[in-house]
Amino acid sequence: MNDLGKNPSISRSQWSLIFLILAVTAGSVMYRLIVRGRLEQTAALFVGIPAVLAILLAMMPKARTAKGAIMKGLTLALLLSGPLLNEGFICILMASPLFYLVGLIVGVIVDRSRAQRQTTVSCLLLILLPMSIEGSSPRLSFNREETVRASLVVKASEREVQMALSHSPRTDMRLPIYLRMGFPRPTEARGDGMEVGATRTIHFAGGEGKPGDLLLKVSESHPGYVRFDAVSDGSKVAHWLDWTSSEVQWTALDAQHTRVNWTLHFERRLDPAWYFRPWERYATELAAKYLIRANATPAPDKQGD
């Protein structure tokens with residue numbers, strides 16, 4: 001009892017642990033509320049949560065700099081987010097640069113304000129609040145319609161390309177490295193034909209343990225062109241984007257070479273747009289090139305990455 005009375009104060013490391021627990025708990029509660037409000041694909045999750053975490057971590061007592069405390073705290077929070085928030089590796093990987101960017105902004109503002117003995121809350125709200133509400137309603141969203149096109153020259157005749165496209169899609173080719181980093185992967189495909197009404201069903205596995213099927217239907221077809229419209233998507237891909245349609249055009253360059261253009265139309269579902277739009281466009285461009293190699297190339301000439 002005497003020993004306890006001699007040192008009743010809480011140490012710096014204990015305060016740091018307390019604020020870290022508070023920050024992670026606040027982030028977890030915010031995540032649950034955001035999911036309940038069906039805003040998990042908006043900037044409220046990807047900007048709002050890191051902003052709250054950073055502000056709480058910046059308040060840690062006796063920290064040398066707010067930036068240092070925030071970076072350490074965010075790193076631990078991201079490492080804990082897998083079992084705590086049930087997020088998959090790819091989501092953590094894609095969102096972590098945005099978390100660190102928001103944390104760095106908060107840390108710089110707090111450190112400068114401390115040096116000048118100014119208040120920071122109003123500055124932080126002025127900067128981060130507008131960024132955190134993007135996507136929470138249609139009026140607060142930027143244009144979501146996207147079109148990505150890939151073009152490759154295939155070593156095959158025009159007729160051979162058309163025959164390859166008329167068959168059931170292949171799913172045994174190795175995906176590009178980026179698309180193997182936790183994204184759902186196609187494992188099985190059914191359907192063939194190029195006539196209007198013909199269908200393709202692609203089964204996706206992975207993606208945080210949520211398998212599902214993407215159903216496509218031929219809506220237009222004529223020599224050198226076919227268009228597939230998305231009917232439904234039960235895979236995890238639908239969490240990030242909504243497929244609209246897929247267009248394939250092929251033109252003979254000579255008797256043994258054909259240029260194939262594969263165009264993907266989709267709607268982006270993740271916000272903020274300035275951050276996630278480039279990620280999604282890059283992924284779909286890789287997917288379009290993969291589709292040309294896998295499905296517009298005759299089997300003997302199909303190649304991997």
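1. The largest cavity. It holds about 740 Å³ of space. The model is predicted, and the count comes to 2 cavities of 30 Å³ or more. The lining of the largest cavity has 38 residues; nearest its centre lie F204, L214, W243, A287 and L291. Elements that give two or more residues to this lining are α7, β3, β4 (212-222), β5 (225-233), β6, β7 and α8. Of these, α8 gives the most, with 8 residues.

2. F204, at the cavity. F204 is one of the residues nearest the centre of the largest cavity. Its place is in strand β3. Is F204 buried or exposed? It is buried: its relative accessible area is 13%, and the cut-off for buried is under 20%. Leaving aside neighbours within four places in sequence, F204 is in contact with P184, R185, P186, P211, G212, L214 and S235. L214 is therefore both a contact of F204 and, like F204, among the residues nearest the cavity centre. P184 sits 20 residues from F204 along the chain, yet their C-alpha atoms are separated by 5.7 Å.

3. Helix α7. This element covers residues 158-166. Its buried residues are V161, A164, L165 and S166. Residues three or four places apart in an α-helix point the same way, because there are 3.6 residues a turn.

4. R259, on β7. R259 has its place in strand β7. With a relative accessible area of 35%, R259 is partly exposed, because that value falls between the 20% and 50% cut-offs. Not counting residues up to four places away in sequence, R259 touches S151, L152, V153, Q249, W250, T251 and L253. One of these contacts is polar: the side chain of R259 meets the side chain of S151 at 2.9 Å. I292 lies 33 residues from R259 along the chain, with 10.0 Å between the two C-alpha atoms.

5. The cis peptide. Which residues does the cis peptide bond join? They are D271 and P272, with omega at about 5 degrees. Most peptide bonds are trans. P272 lies in the loop between β7 and α8.

6. Helix α3. It runs over residues 43-58 and has 16 residues. From first C-alpha to last it reaches 21 Å, close to the 22 Å expected at 1.5 Å a residue. α3 is mostly covered, with 13 of its 16 residues buried.

7. The chain as a whole. There are 8 helices and 7 strands. Of the 305 residues, 43% count as buried. Among contacts with a separation of 6 or more, 60% come from residues 24 or more positions apart.

8. Confidence. The chain averages a pLDDT of 82, and 81% of the residues score at least 70.

Note on methods:
Residues are numbered from 1 along each chain as its sequence is written. This is a predicted model: local features need pLDDT of at least 70, side-chain atom pairs count only at pLDDT 80 or more; totals for chains, interfaces and linings use all residues. Side-chain values use heavy atoms; hydrogens and water are left out. Buried means under 20% relative accessible area, exposed over 50%, partly exposed in between (1.4 Å probe, protein chains only). Helices (H or I, at least four residues) and strands (E, at least two) are DSSP runs, numbered from the N terminus. Contact means heavy atoms within 4.5 Å. A polar contact is a pair of N or O atoms within 3.5 Å; within protein, one must be able to donate a hydrogen and the other to accept it, and residues adjacent in sequence count only if both atoms are side-chain atoms. The expected span of a helix is 1.5 Å times one less than its number of residues. pLDDT is the predictor's confidence in each residue, from 0 to 100. On a 1 Å grid over the protein atoms alone, a cavity is a set of points where a 1.4 Å probe fits but cannot get out, and a pocket is an open set with protein on both sides within 12 Å along at least five of seven lines; lining residues have an atom within 4 Å of a point. Grid points are joined across faces, edges and corners, and a volume is the space filled by probe spheres set on the points.
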